[in-house]
Amino acid sequence: MTGVQTCALPICFPVTINVTLKTNEYAIIGAVRNIVMTNFGERRFTPKFGGDVLSQLFEPLDDMTALNIKQEIITSISNYEPRVKIDVVDVVPNFSNDGFDVTIRFYLLNSIRPITTALFLQRLR
């Protein structure tokens, strides 16, 4: 299958059997994002898994909701990601885009270098 092209309109993508795996901090960043973006009840046999922050997006866009989202993020990452130690979680209301800017800085347990990931939480209609 190597070298075969799949064309859709003017864009062609090579079809390969190679799958790239996320390793090291990229895998943990993905895990942290998945925890934050998962609502309660989305995982069938672990109904309390996740941050459930998306349910907070239908609350008023203010500092109190930002504080609630921050607490949910800290609690969920502490409960479900044992490979990290949270340093800073910033949640700031973004009034112009009707959502919240989230910045999470954490350390891997075996590293002294901080890792930062940023999210934009916005409710979907």
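Colleague: Which residue stands opposite Val91 in E4?

Modeller: Val102 does. The model is predicted: local features need pLDDT of at least 70, side-chain atom pairs count only at pLDDT 80 or more, and totals for chains, interfaces and linings use all residues. Residues are numbered from 1 along each chain as its sequence is written, and side-chain values use heavy atoms, with hydrogens and water left out.

Colleague: What makes E3 and E4 a pair?

Modeller: Pairing takes at least two bridges found by DSSP. E3 and E4 (residues 99-108) are joined by 10 bridges, so they pair, and they run antiparallel. Strands here are DSSP runs of E, at least two residues, and helices are runs of H or I, at least four, numbered from the N terminus. Pro93 has Phe100 in E4 as its bridge partner. The two strands form a hairpin with 4 residues between them. Asp98, in the turn, has a positive phi of about 55°.

Colleague: What is the strand order of the open sheet?

Modeller: The order of its 3 strands is E3-E4-E5, with antiparallel pairing.

Colleague: What makes the approach of Asn94 to Asp101 a polar contact?

Modeller: The term needs a pair of N or O atoms within 3.5 Å; within protein, one must be able to donate a hydrogen and the other to accept it, and residues adjacent in sequence count only if both atoms are side-chain atoms. The side chains of Asn94 and Asp101 make such a contact at 3.1 Å. A polar atom of the Asn94 side chain also lies 3.2 Å from the backbone nitrogen of Asn97.

Colleague: How do you know that the length of H2 agrees with its residue count?

Modeller: The expected span is 1.5 Å times one less than the number of residues. For the 18 residues of H2 that gives 26 Å, and its end C-alpha atoms are 26 Å apart, which agrees.

Colleague: Why do the buried residues of H2 count as lining one face?

Modeller: They are Thr65, Ala66, Ile69, Ile73, Ser76 and Ile77. Seen down the axis of H2, they fall within an arc of 100° (taken from the directions from the axis to the C-beta atoms), so they line one face. The face turned away carries the exposed residues Asp63, Met64, Ser78 and Asn79.

Note on methods: Buried means under 20% relative accessible area, exposed over 50%, partly exposed in between (1.4 Å probe, protein chains only).
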